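Subject: Model for your review

Hello,

Here is the model you asked for. Please look it over first; the notes on what was found in it follow.

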Amino acid sequence: MKIDVISIFPAYLDALKLSLVGKAQESGLLDVNVRDLRDWTTDRHRTVDDTPTGGGAGMVMKPDVWGNALDDVLQRESTLVIPTPSGEVFTQALAARLAQRPHLVFACGRYEGIDARVAQHYRAAGIATVEASIGDYVLNGGEVAALVMIEAVARLIPGMVGNPESLVEESHGEAGLLEYPVYTKPVSWRGIEIPAPLLSGHHANIARWRRDRALEKTAAIRPDMLAALRDRGGLSQTDEAVVRAADEVLRAGGVPATEGEGGADFS
Ligand code: JD8
């Protein structure tokens, strides 16, 4: 897969040189190019913004500069991804769709955003164009969002993660549940023991324990995901019994077993 990122703060994307995405570039699985938008300005002040038409606070990014840049970088089979707080919510499903594409181009805006005609123009030109938001909070620009999207997409590229199996059980993965709690040595830490089933070596019991904890956590934190899993027939009778018990505890104001009693929650 080829990824181009255009930004007026290209150094923001240096993190892509690290870890999994960094190694994928070394192994040739991924070809990432970060470009400075100002390289496509035409005036000696390298201007990328101007006042908002119709008035209002802040500045807007100029369409002509973005046009110069995207005309150079986009190819017919490219997908243009524009991070914006007013976009469709970025999800694992969207990440999986983008991971199928040969070339992604991320246009990172700043100021009040990019002139709306840029997305309109490339859509009309037949370029697959996605305006996406990473969540309901406001950032100062698209760079951090591009980092989030690129990491989520890159790790779905075949050959990226060591054991593709691990992708299945992840939160928001195919299992459709939040992840079960994980532990490692020491067995006892500051008076807290690793739950006994995990020490039993009994794989079926361990799998059942983990699914129960995932069901409880999802019931407590993301009941919407449980409803979605139920609607696609993903909950067994045993699962439903675990969920009913968890809902009992929650209704009684309790917390799921593994959370441990009391303590300061940040609410
Ligand atoms: C791109 C400019 C800043 C946004 C005035 C603050 C995504 N989930 C998200 N939150 N914020 C963004 C995002 C913010 C951006 C740009 C993405 C380009 N800004 C603007 C509108 C209000 N300033 C985002 N993905």
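Helices α7 and α9 are oblique to each other, a label for any angle that is not under 35 degrees (roughly parallel), over 145 (roughly antiparallel) or 65 to 115 (roughly perpendicular). This is a predicted model, in which local features need pLDDT of at least 70 and side-chain atom pairs count only at pLDDT 80 or more, while totals for chains, interfaces and linings use all residues. Residues are numbered from 1 along each chain as its sequence is written, and side-chain values use heavy atoms, with hydrogens and water left out.

Helix packing

The axes of α7 (residues 203-221) and α9 (residues 237-251) come within 9 Å and cross at roughly 45 degrees. On the α7 side, the contact is made by R208, R211, D212, L215, E216, A219 and A220; on the α9 side, by T238, D239, V242, V243, A246, D247 and L250. The crossing of these two helices is right-handed. For the terms: helices (H or I, at least four residues) and strands (E, at least two) are DSSP runs, numbered from the N terminus. Axes are lines fitted to C-alpha atoms, for helices over the stretch in contact, with angles from 0 to 180 degrees between N-to-C directions. Contact means heavy atoms within 4.5 Å. A crossing is right-handed if the near helix is turned clockwise from the far one by less than a right angle, and left-handed if anticlockwise.

α7 also meets α8 (residues 223-231), where the axes come within 5 Å and cross at roughly 120 degrees. This pair is oblique as well. The α7 residues involved are R211, L215, T218, A219, A220 and I221, and those of α8 are P223, M225, L226 and L229.

A further pair is α2 and α4, which pack at an angle of about 35 degrees with their axes 10 Å apart. Their crossing is right-handed. P63, W66, G67, L70 and D71 of α2 touch R117, V118 and Y122 of α4. Within α2 (residues 63-73), the buried residues are V65, W66, G67, A69, L70 and V73. They pack against β1 (2-7), β2 (31-36), β4, β5 (78-89), β6 and α4. Buried means under 20% relative accessible area, exposed over 50%, and partly exposed in between (1.4 Å probe, protein chains only).

Annotated site

The unreviewed UniProt entry has a "binding site" annotation on G109, I134, G135, D136, Y137, V138 and L139. From this set, G109, I134, G135, Y137, V138 and L139 belong to the lining of the largest pocket. UniProt positions are given in the numbering used here, feature names are shortened, and annotations may be inferred rather than shown by experiment. Pockets come from a 1 Å grid over the protein atoms alone: a pocket is an open set of points with protein on both sides within 12 Å along at least five of seven lines, and lining residues have an atom within 4 Å of a point.

G109 sits in the loop between β6 (103-107) and α4 (117-124). It is buried, at 11% relative accessible area, and touches M61, I114, G141, G142 and E143, not counting residues up to four places away in sequence. G135 is in the loop between β7 (128-133) and α5 (143-154) and is buried at 14%.

Backbone points to check

Most residues other than glycine have a negative phi, and most peptide bonds are trans. The bond from K185 to P186 is cis, with omega near 5 degrees; P186 is in the loop between α6 (165-168) and β8 (188-189). Y111, in the loop between β6 and α4, has a positive phi near 60 degrees and is partly exposed at 35%. R190 has a positive phi of about 50 degrees. R190 lies in the loop between β8 and β9 (192-193) and is exposed at 72%.

The loop between β3 and β4

Both P52 and G56 are in the loop between β3 (49-50) and β4 (60-61). P52 is buried at 17%, whereas G56 is exposed at 64%. Leaving aside neighbours within four places in sequence, P52 is in contact with A57, G58, M59 and V60.

Regards

Conventions. 1 Å grid on protein atoms, 1.4 Å probe; cavity = no way out; pocket = protein on both sides within 12 Å on 5 of 7 lines; lining within 4 Å.
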